[in-house]
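Subject: Structure handover

Hello,

Here is the structure we spoke about. Please open it next to this message and follow along.

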Amino acid sequence: MLLQFSAAQGPEECCIAVEKALACFLQEAKSLHVTIGVLESFPSKHGLKSALLSLDGEHAEQLLQAWCGTLQWQCQSPLRPRHKRKNWFVSVTHFSPIQPIEDSEIEFEFTKAQGAGGQHVNKTASAVRAKHVTTGITVKVQSERSQHANKKLAKQLIQWKLNEYHSQQLNALDKQRHHSHYQIERGNATIIFEGKEFKRLI
């Protein structure tokens with residue numbers, strides 16, 4: 001299952017809402033024992049423009065249904081205190097499952113992760129670079145501490161990018177995802193949050 005959180009071309013306050021909503025979502029997923037993989041995320045100056053997640057677990061469908069739709073954040077702008085607008089909206093969109101691909105279609109290369117992380121990062125070849133042999137699509141994942149977890153996420157990201165590759169040719173899913181960034185229902189929110197503490201109302 002794939003789920004996309006998006007600021008939907010909204011201002012920076014919507015990007016803040018995406019980041020805060022994602023944190024709440026991850027906490028709820030943990031309580032329901034739903035495994036979440038962050039396949040892609042695009043940061044903004046103060047938050048996140050969007051994030052693409054994979055969901056796996058017995059209660060994944062329940063979680064997905066609870067969050068899909070429009071999220072509303074009722075709060076005076078933390079960036080523009082005199083701004084009159086106090087309602088910020090985030091879209092949460094579900095995309096159809098990707099057709100699975102076999103490990104034999106992918107070349108995996110394991111390297112040491114780069115960046116902060118102490119001795120574990122420096123000494124363990126946990127980072128995974130994956131290449132889809134037929135199309136040449138390549139990704140690198142090092143967000144998890146274990147090689148196995150990074151390999152699983154890399155495969156999912158390859159699947160997503162492969163689906164995008166085909167949809168660009170078929171003009172299907174690419175239009176769907178592109179459209180989701182530009183359209184958002186302002187009102188009839190699935191979930192409403194309030195205040196700088198991002199308190200959930202419904």
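What percentage of the residues of the protein count as buried? Of its 202 residues, 42% do. Keep in mind that this is a predicted model.

**Overall picture**

The protein has five helices and 10 strands. Its exposed surface comes to about 11,300 Å². Carbon and sulfur atoms supply 48% of that area. Take the contacts between residues with a separation of 6 or more: 61% of them join residues 24 or more positions apart.

**Strand β5 and its partners**

Start with β5, residues 87-95. Seven of its nine residues are buried, so the rest of the structure largely encloses this strand. β5 pairs with strand β1 (residues 2-6) through five bridges, and the two run antiparallel. Within that pairing, F5 has V92 in β5 as its bridge partner. β5 also pairs with strand β4, residues 69-74. That pairing is antiparallel too, over six bridges. Here Q72 has F89 in β5 as its bridge partner.

Is S91 buried or exposed? It is buried, because its relative accessible area is 6% and the cut-off for buried is under 20%. S91 and F5 lie 86 residues apart along the chain, yet their C-alpha atoms are separated by 5.9 Å.

**Helix α2**

Helix α2 covers residues 60-67. Which of its residues are buried? They are A60, L63, L64 and W67. These four span an arc of only 100 degrees around the axis, which puts them on the same side of α2. The spacing fits a general rule. An α-helix has 3.6 residues a turn, so residues three or four places apart point the same way. After α2 comes G69, with a positive phi near 125 degrees.

**The three-stranded sheet**

Now move to the open sheet with the strand order β6-β7-β8. Its pairing is antiparallel. β6 (106-111) and β8 (138-141) stand at the edges. Each has a single partner strand, so one side of each is left without a neighbour in the sheet. From one strand to the next, the twist averages 20 degrees.

β6 and β7 (residues 127-132) pair over six bridges. In this pairing F110 has V128 of β7 as its bridge partner. β7 and β8 are joined by four bridges. There A130 stands opposite V139 in β8. β7 and β8 also form a hairpin, with five residues between them. G136 sits in that turn and has a positive phi of about 80 degrees.

**Cysteines**

C14 counts as buried, at 1% relative accessibility.

Best wishes

Definitions and conventions:
Residues are numbered from 1 along each chain as its sequence is written. This is a predicted model: local features need pLDDT of at least 70, side-chain atom pairs count only at pLDDT 80 or more; totals for chains, interfaces and linings use all residues. Side-chain values use heavy atoms; hydrogens and water are left out. Two strands pair if DSSP finds at least two bridges between them. Axes are lines fitted to C-alpha atoms, for helices over the stretch in contact, and angles run from 0 to 180 degrees between N-to-C directions. Buried means under 20% relative accessible area, exposed over 50%, partly exposed in between (1.4 Å probe, protein chains only). The arc is that of the directions from the helix axis to the C-beta atoms. Contact means heavy atoms within 4.5 Å. Accessible areas come from the Shrake-Rupley method with a 1.4 Å probe; for residues, only the protein chains shown count as cover.
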